[in-house]
Amino acid sequence: MSPADPLERLIADWLGNTISPEDFRILDARLRADPAARATLRRAAHLDSALRDWAARQEISAAWAGADSAKPSLASDRPLTPTASSPFRRWLWPLAAAAAVALSVATYHFGALSAPQPPTPSTRVLADGTVVELNGAAVIAADFSATERRVRLERGEAHFTVTKDAARPFTVTAAGVSVRAVGTAFNVRLADAAVEVLVTEGQVRLQPPPAAAAPGHSPSAPPAQPAAAPELMLAARQRAIVATTPATAAVAPDVATFTPSEIARVLAWQHRLLNFTATPLGEVVAALNRRNATQLVLADPELAALRVSASLRSDNIHGFVKLLETGFAMRAEPRGDAEIVLSRPP
Amino acid sequence: MPDHPEPPAGSGPTPAYEEFVRLFVAHEGRLRAFVRALLPTWADVDEVMQETSLVAWRKFARFERGTNFLAWVATIARFEALDHLRRRGREQLIFSDAVADLMAAEAAQEADTLEHQRRALDHCLAKLGEAQRELLLLSYQPGARLHEVAARTGRTVQGHYKAVQRLRARLLDCIEGELKRDPA
C-alpha cells in the first residue's frame, strides 16, 4: 500500500495524532464497514508498537555501550535520560507493587527485557561534604586546597549541593565557563557548544569564557588579548546558557527565570529507577521523600513495617500512592501543598 | 469472592497473582497493539495500559479460567481507553462502539505472530540506511516529541512527519513481503 492511499493516510494521521475531526469520522466509517481497513489499522498499530520497542532497545543498548558520545549521529546530542526506559517498565511496575512481595514474578516480568540497563545517575560526596549528582556518564575532577575548592566538569551534566565554607569558595569550571558559589545548589550541563547553568538554591557568580578576538582583526597586528567577559550573578531559579565556541563566545549569556515545574523538568534526570524487594514501607517512603518535594507521611507507625516490593521511578510519588490505595486499601489525604498522609482504612 | 484477591502480605506472590502476571505478560504485546489502534498517542497508550493492568488485576477473580484472556483484558482496555479520552475532553477521538467492538473481537482472534513480525521488522530495518534508522530511532524513543525531533533533524514538522510516514509505509510493505516469503 502506498502512502498516497487515502486509508493509509487516514491511519497515519490517526496514529500521528494529526487527524482532523472530519477525517476521524471518515476513518471510523471505513473501519466499521471494511474488515480489510481494520486489518490495515491493526498492522499499522503493530508496526508502531514494534518500532517503539525497537527504539527503546536501541536506546538502552546505546546507553550501556556509551555509544551516544562516541559516534556522531542525529542522536548524538540526545541526553541520556534514565527516565527514557522501555515502555514495559513504565506501566508494569504497578503490578509488582499492587501485589506486594512479588519478587519472583517481577523478575520474570522484567526478565522479558533482556537488554542491559542504561547508566543511572550516581551520587558522589566530595571531601568537604558537597554532594554531586552525576548524570549518566558525567565526569568531574576535584582539586581542593586550603584556600579554594575547584571542580572541573569534563563531560556531561552534574548537580552540586555545595557545603558552606566562606573561607574556601567553591568553583565549577566547564569549557572555560566558571561558576562560583559559597553555599548553594546548582546544575551544570556541558554540551558541545554551550554550558548550561541552573541555580536551584542560593546564588552563584558566573564567569563566561573570554571572548574571541574581534572578527576582521588584522593578521599582521599583534595578537589581541581576549576580552574578559563580564561576570553575572545568577539567583535561584535562573538558568543561563553560555556559548563556548569561538564564533559565539562573544554572545551574551541567555538568562531566563524558570518556574518550579520547568526546574523539575531540567532536573528530571536525577530521578532513577528504585527497586525495593520486601522492603519496609518506612524505608521506601524515606527514599522517596529524600528525592521529592512532596513528602509522604505515615499516620500509623505500623504501616512502616509493611513490606513492599516495587520497581518505580523516584519521582512517581502519585503513582506509588495510588498503588498503595488500590493494592493495600490505604487512605491517602493531602495535607497542605507538600504532604500526603497515608493511613489504614477506618 | 472479593473483587480482587487479597494483597499478598509479605510472604511471596499468591498463585492467583502469578497466574495473572503470566497471562498478562503472554498477551501484553497484542494488547498494547490493540490499545495503540484505539488511541492517538503513546502517552495515552502508556496511561491506559497502566490502568488496564490495575483494573484487570482487581477484577481477576471474575475471569473464567479456560476462556480467552486477551478477549477479556481487551474489553477492559477498551473501556479504559474510552474513559481516558472522555476524562480529557477528547470525545471527538473516540471510535464508535461498533468499531471498538470489532477491533477488540478481531484482536482477540488473531494469531500470535508477534515474534515472527519482530524478526521481519529487524530484517527490514537492516535494509534501511543509517540516517533513516536514526530518524526512526529519534521518532520512536519513549518521550519523543514531534516538534523537538523535527528541529533536531533540521526538518520542518511537516517534512519530518512525511519522512517518517514514508519510512513506515516502506517498512509495512517490506514486512508484508517478508511474512509472505516466510510465513510463521
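Q: In which strand of chain A does A:Arg239 lie?
A: This is a predicted model, in which local features need pLDDT of at least 70, side-chain atom pairs count only at pLDDT 80 or more, and totals for chains, interfaces and linings use all residues. Residues are numbered from 1 along each chain as its sequence is written, chains are lettered from A and ligands numbered from 1 in the order in which they are written, and side-chain values use heavy atoms, without hydrogens and water. Helices (H or I, at least four residues) and strands (E, at least two) are DSSP runs numbered from the N terminus. On this basis, A:Arg239 belongs to strand 10 (residues 238-243) of chain A.

Q: How many bridges join strand 10 to strand 11 of chain A?
A: Two strands pair if DSSP finds at least two bridges between them. Strand 10 pairs with strand 7 (residues 194-201) of chain A in the antiparallel sense over 5 bridges, and A:Val197 has A:Ala240 of strand 10 as its bridge partner. With strand 11 (residues 254-257), strand 10 also runs antiparallel, and the number of bridges is 4.

Q: Which residue in strand 11 of chain A stands opposite A:Arg239?
A: A contact means heavy atoms within 4.5 Å. Not counting residues up to four places away in sequence, A:Arg239 touches several residues, among them A:Val197, A:Leu198 and A:Ala256. In strand 11, the residue opposite A:Arg239 is A:Ala256.

Q: Is A:Arg239 buried or exposed?
A: Buried means under 20% relative accessible area, exposed over 50%, and partly exposed in between (1.4 Å probe, protein chains only). The relative accessible area of A:Arg239 is 11%, so this residue is classed as buried.

Q: What is the length of the polar contact between the side chains of A:Arg239 and A:Asp254?
A: A polar contact is a pair of N or O atoms within 3.5 Å; within protein, one must be able to donate a hydrogen and the other to accept it, and residues adjacent in sequence count only if both atoms are side-chain atoms. A:Asp254 is one of the residues that A:Arg239 touches. The polar contact that joins their side chains is 3.3 Å.

Q: What is the separation of the C-alpha atoms of A:Arg239 and A:Leu198?
A: These residues are 41 residues apart along the chain.
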